[in-house]
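Please keep the model open while reading.

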Amino acid sequence: MSTPYERSGRTRQKSRTRNALIAAARALVAEGGSPPTVEEAAAAALVSRTTAYRYFPDQKALLVAAHPETETTSLLPPNAGDDPEDRLLGAVKAFTQLVIETEQQQRTMLRLSLDPDTIPRELPLRKGRAIGWFEDALSPLRPQLTEPGVHRLAVAIRSAVGIESLVWLTDIAGLPRDQAVELMQWSARALLHHALASGPPNSD
């Protein structure tokens, strides 16, 4: 989200400065270690600290902006077809690939989401975008499972895939990343099969 400072005056130049700060923050996050501060991102972007704070008043605002782009409304290819399992696996594979490619940023956002001072749903990780992507993939099942049922199934699948699952599977269970991804995809398929056989979670 842009600041009032960015929306006035030389907006194109300010947009370039903002993008440079975001790119620097993403590069620093990708290197691992502690999440970068506004000062560190400013130094990496060759921007003064005073200027950087006009765009990002604190570290959390910077890290939220540096989170991987997730504004897309669907993870399905144009020719996805109508088979629910094919559609779901396509969406889950795309989602897990995104998580792997941006793992350090995802881990940073996960740490922030666990901060007791974080406002609920303030961070991208808490906005439930993946649930919408999975609902989109499962849309052919709405007549069979109902709208609420598809939503509950999408929530259940999201609980089995994503950065939280990747962290547990790799850091705690000790699986290599490729095996962790395969297991997440297997879990998504198993949840779908169970819903088709017995109904969605929490259904009467």
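## Helix packing

α1 and α2 pack with their axes 8 Å apart, at an angle of about 110 degrees. That makes α1 roughly perpendicular to α2, a label that covers angles of 65 to 115 degrees; under 35 counts as roughly parallel, over 145 as roughly antiparallel and the rest as oblique. Axes are lines fitted to C-alpha atoms, for helices over the stretch in contact, and angles run from 0 to 180 degrees between N-to-C directions. Helices are DSSP runs (H or I, at least four residues), numbered from the N terminus.

This is a predicted model, in which local features need pLDDT of at least 70 and side-chain atom pairs count only at pLDDT 80 or more, while totals for chains, interfaces and linings use all residues. Residues are numbered from 1 along each chain as its sequence is written, and side-chain values use heavy atoms, with hydrogens and water left out.

On the α1 side, Ala20, Leu21, Ala24, Ala25 and Leu28 meet Glu40, Ala41, Ala42, Ala44 and Ala45 of α2. Contact means heavy atoms within 4.5 Å. By class, the contact of α1 with α2 has nine nonpolar, no polar and one charged residues. Here Ala, Val, Leu, Ile, Met, Phe, Trp, Tyr, Cys and Pro count as nonpolar, Asp, Glu, Lys and Arg as charged, and the others, Gly among them, as polar.

α1 (residues 11-30) also packs with α4: their axes come within 9 Å and cross at roughly 85 degrees. α1 and α4 are therefore roughly perpendicular to each other. From α1, the contact takes Arg18, Leu21, Ile22, Ala25, Arg26 and Val29; from α4, it takes Leu62, Leu63, Ala65 and Ala66. Eight of these residues are nonpolar, none polar and two charged.

## The cavity

How many cavities of 30 Å³ or more are there? The count comes to one. A cavity is a set of points on a 1 Å grid over the protein atoms alone where a 1.4 Å probe fits but cannot get out; lining residues have an atom within 4 Å of a point. Grid points are joined across faces, edges and corners, and a volume is the space filled by probe spheres set on the points.

The largest cavity holds about 30 Å³ of space. Its lining consists of Val29, Leu63, Ala66, His67, Gln105, Thr108 and Met109. α4 (59-66) and α6 (103-113) each supply at least two lining residues. The largest share, three residues, comes from α6. The lining has four nonpolar, three polar and no charged residues.

## Single residues

Most residues other than glycine have a negative phi. Two exceptions follow, with their phi values and relative accessible areas. Buried means under 20% relative accessible area, exposed over 50% and partly exposed in between (1.4 Å probe, protein chains only).

Leu191 lies in helix α11 (residues 177-198). Leu191 is partly exposed, at 28% relative accessible area. Leaving aside neighbours within four places in sequence, Leu191 contacts Leu153, Ala156, Ile157 and Ala160. Leu191 and Leu153 are 38 residues apart along the chain, yet their C-alpha atoms are separated by 7.5 Å.

Key:
1 Å grid on protein atoms, 1.4 Å probe; cavity = no way out; pocket = protein on both sides within 12 Å on 5 of 7 lines; lining within 4 Å.
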